[in-house]
Amino acid sequence: MSTQEQQANIGKVLSFLREWDRGDMRVRGRMLSTFVTQNTGKTFYELELEFAQVASLFLARLTTWMKLTYMLGTFLGLQLKALGIFLSASCHDQYLMNFLEDGGALTLLDILSHSQSKDDDKAGAIKLLLTVSKAGRKYKEIICESHGVKVIGECLSTSNRDETKEAASVLLESLSHGNPRYQDQVYKYLITCMTCSSPKSLQLILHTLCIIQRKMKTAHYSIVEPLLNTLRSLHLEVQDEAIKLILDLKHYDVKAVLLTGLVALLRPIKEKEHQHQISKESEMTEMTGSFPVLVQQAAAAKTIRLLAEEDQELSHELLSLGVIQHLLHIMGNREHPDGQIQASLTLEYFVVSFPVVEDQVQRVMGSALFAEFKNKADTVYMNMNETEAEMLLTNQINMSQVLNGNKSDS
């Protein structure tokens with residue numbers, strides 16, 4: 001570009017900035033719309049050429065305007081798109097640092113936490129924060145130092161739109177990667193988010209936790225209880241993610257607590273068993289509330305089978321925890337057929353794998369029921385009579401005692 005062309009370009013840019021400074025919100029909105037249309041996809045070099053090396057001056061004006069007006073939401077979508085042009089075009093730190101030094105990250109986080117922000121605007125803010133996070137460790141730290149983990153986690157838990165939730169989970173995963181100072185913070189905050197009520201959010205939280213957990217050398221004990229509680233979910237996609245995480249956690253120091261917790265879920269305590277004079281309304285509430293417990297019971301049986309099939313040592317640990325007695329009990333519980341199916345399939349694995357278990361189970365079931373069980377474990381519950389069901393419910397198998405007796409005999 002010749003000197004004359006450069007001067008002409010500088011004059012055009014300065015005229016643009018003067019019009020911007022004098023204009024009201026509607027004028028700026030029109031100018032910004034034109035800017036977005038004409039500059040989307042441009043490189044850092046092209047932007048600098050277009051703005052005669054004063055692009056950073058417009059970026060500063062744009063950032064300031066957004067800080068002053070984002071709560072109104074009028075032109076927020078356009079502002080975010082325009083900022084995205086600058087941040088995605090940067091081939092080095094110039095625009096990013098200018099944006100962050102002007103409080104850009106804090107403003108984006110405020111947009112996420114502002115109750116009146118539209119979901120589209122939240123998604124745009126998350127997209128920009130992800131661009132910042134991907135720029136490197138120091139940028140991730142800036143977001144985290146601004147309480148970003150909490151704000152983004154709350155957005156993931158409470159947002160109304162799946163796309164926004166998915167973007168928030170990707171951002172949290174990004175913040176955990178290559179960010180040793182704050183990786184543990186992201187991990188622990190996600191654990192606290194497992195109590196959220198949204199199935200989609202919970203699925204994403206569990207999925208993100210699974211990814212982060214695989215990068216960590218230890219597991220925090222606080223993960224066990226809320227993780228086991230997610231098995232109560234009536235949504236299979238949530239259960240699947242929870243089971244994947246449990247299978248991964250068997251490699252960590254929480255294994256013993258996890259196995260004990262899983263076996264305990266097979267025989268939950270009836271909290272209201274001894275209450276007297278329960279009204280019809282509260283009785284109905286209790287009956288309704290017990291269904292998630294039965295769902296959790298079935299999921300625990302399924303998880304135990306998957307754990308045992310992968311690891312013979314874990315199978316022995318589960319046997320010593322009394323898993324067989326509890327599985328037989330669930331098989332006799334005719335309130336929940338899926339629980340009966342999962343318990344039967346899990347019991348089938350132990351019967352096939354351990355002759356001593358087969359002998360004990362056959363004694364409890366009797367020849368006829370055991371023959372049906374051996375023939376097709378997942379349908380045996382359909383042909384079970386009341387006497388057989390009661391026999392399974394009240395079984396007193398003590399495999400730990402049997403196993404210890406076998407050891408002493410040998």
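We start with the whole chain and then zoom in on a few side chains.

First, some ground rules: this is a predicted model, where local features need pLDDT of at least 70 and side-chain atom pairs count only at pLDDT 80 or more, while totals for chains, interfaces and linings use all residues. Residues are numbered from 1 along each chain as its sequence is written, and side-chain values use heavy atoms, with hydrogens and water left out.

**Stop 1: the whole chain.** Switch to cartoon view. You'll find 24 helices and zero strands (DSSP runs, H or I of at least four residues for helices and E of at least two for strands, numbered from the N terminus). The radius of gyration is 30 Å, well over the 22 Å that the globule rule gives for 410 residues, so the chain is more spread out than a compact globule. That radius is taken over C-alpha atoms, and the rule is 2.2 Å times the number of residues to the power 0.38. Of the 410 residues, 49% count as buried (under 20% relative accessible area, with a 1.4 Å probe and protein chains only; exposed is over 50%, partly exposed in between).

**Stop 2: aromatic rings.** Now show Phe, Tyr and Trp side chains. Their rings (the six-membered one for Trp) pair if their centres lie within 6.5 Å; planes under 30 degrees apart count as stacked, over 60 as edge-to-face and the rest as tilted. By this rule there are 12 aromatic pairs.

Phe370 is buried at 5% relative accessible area, and Phe373 is buried at 1%.

For a group view, select Phe16, Trp20, Phe35, Phe44, Phe58, Trp65, Phe75, Phe86 and Tyr95, which ring pairs link into a cluster.

**Stop 3: His336.** Where does His336 sit? Look in the loop between α19 (323-331) and α20 (337-353). His336 is buried, with a relative accessible area of 9%. Leaving aside neighbours within four places in sequence, His336 is in contact (heavy atoms within 4.5 Å) with Phe291, Leu294, Val295 and Ala298.
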